[in-house]
Amino acid sequence: QVNLVESGGGLVQAGGSLRLSCTASIPMFSGSAMGWYRQAPGSQRELVASITAASTTNYADSVKGRFTISRDNAKKMVYLQMNSLKPEDTAVYYCAAVSRGIWGQGTQVTVSS
């Protein structure tokens, strides 16, 4: 079964931290670029962070310096460490292997002010 399953979302106060995890059941995971996306109500889905097979990372300007994406190929996991959270970070966060068209179901992150 090919899928991505996110976990670790929840409710946190502004300034707090959360760590999202993505469990990947996809073939050739280690060779796949992975990303975290988010979608807030009434907004389009946007890229938050991405990581290539060689672990080169890229971040949206809005999260640079606060979020860190990482991967563990042995465990087939992708992580998003989110620090200094802001209310505007509230969204459903999705893990994705975009180039392969594989998306997770999403996990809700809510940041209260």
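Tutor: Gly31 sits in the loop that runs between strands β3 and β4 (strands are DSSP runs of E of at least two residues, numbered from the N terminus). This is a predicted model, in which local features need pLDDT of at least 70, side-chain atom pairs count only at pLDDT 80 or more, and totals for chains, interfaces and linings use all residues. Residues are numbered from 1 along each chain as its sequence is written, and side-chain values use heavy atoms, leaving out hydrogens and water.

With a relative accessibility of 57%, Gly31 counts as exposed (over 50%; buried is under 20% and partly exposed lies in between, with a 1.4 Å probe and protein chains only). Along the chain Gly31 and Ala53 are 22 residues apart, yet their C-alpha atoms are separated by 5.0 Å.

Leaving aside residues up to four places away in sequence, Met34 touches (heavy atoms within 4.5 Å) Leu4, Ile26, Phe29, Ala49, Ser50, Ile51, Ile69, Arg71, Val78, Cys95, Ala96 and Ala97.

Two of those contacts lead further. Take Cys95 to begin with: a disulfide joins Cys95 to Cys22, with an S to S distance of 2.1 Å (a disulfide needs the two sulfur atoms within 2.5 Å). Cys22 belongs to β3 and Cys95 to β9, so the pair ties together parts that are 73 residues apart in sequence. The torsion about the S-S bond is about -80°, so this disulfide is left-handed. Cys22 is buried at a relative accessible area of 0%, and Cys95 is also buried, at 0%. A search of the whole structure finds 1 disulfide.

Next, Leu4, another contact of Met34. Together with Glu6, Leu4 makes up the covered face of β1 (residues 3-7), while Asn3, Val5 and Ser7 are on the uncovered face. β1 runs antiparallel to β3, and 5 bridges join the two (strands pair if DSSP finds at least two bridges between them).

Arg19 lies over the face of Tyr79, 4.0 Å from the ring centre (CZ of Arg or NZ of Lys within 6 Å of the centre and within 35 degrees of the ring normal). A second case is Arg45 over the face of Trp103, at 4.8 Å.

Two other loops hold a residue worth checking in the backbone. Ser55, in the loop between β5 and β6 (57-59), is not a glycine but has a positive phi near 70°; its relative accessibility is 42%, so Ser55 counts as partly exposed. Lys76, in the loop between β7 and β8, likewise has a positive phi, near 55°, and at 34% relative accessibility Lys76 is partly exposed.

Terms used. Helix = DSSP H or I, 4+ residues; strand = E, 2+ residues; numbered from the N terminus.
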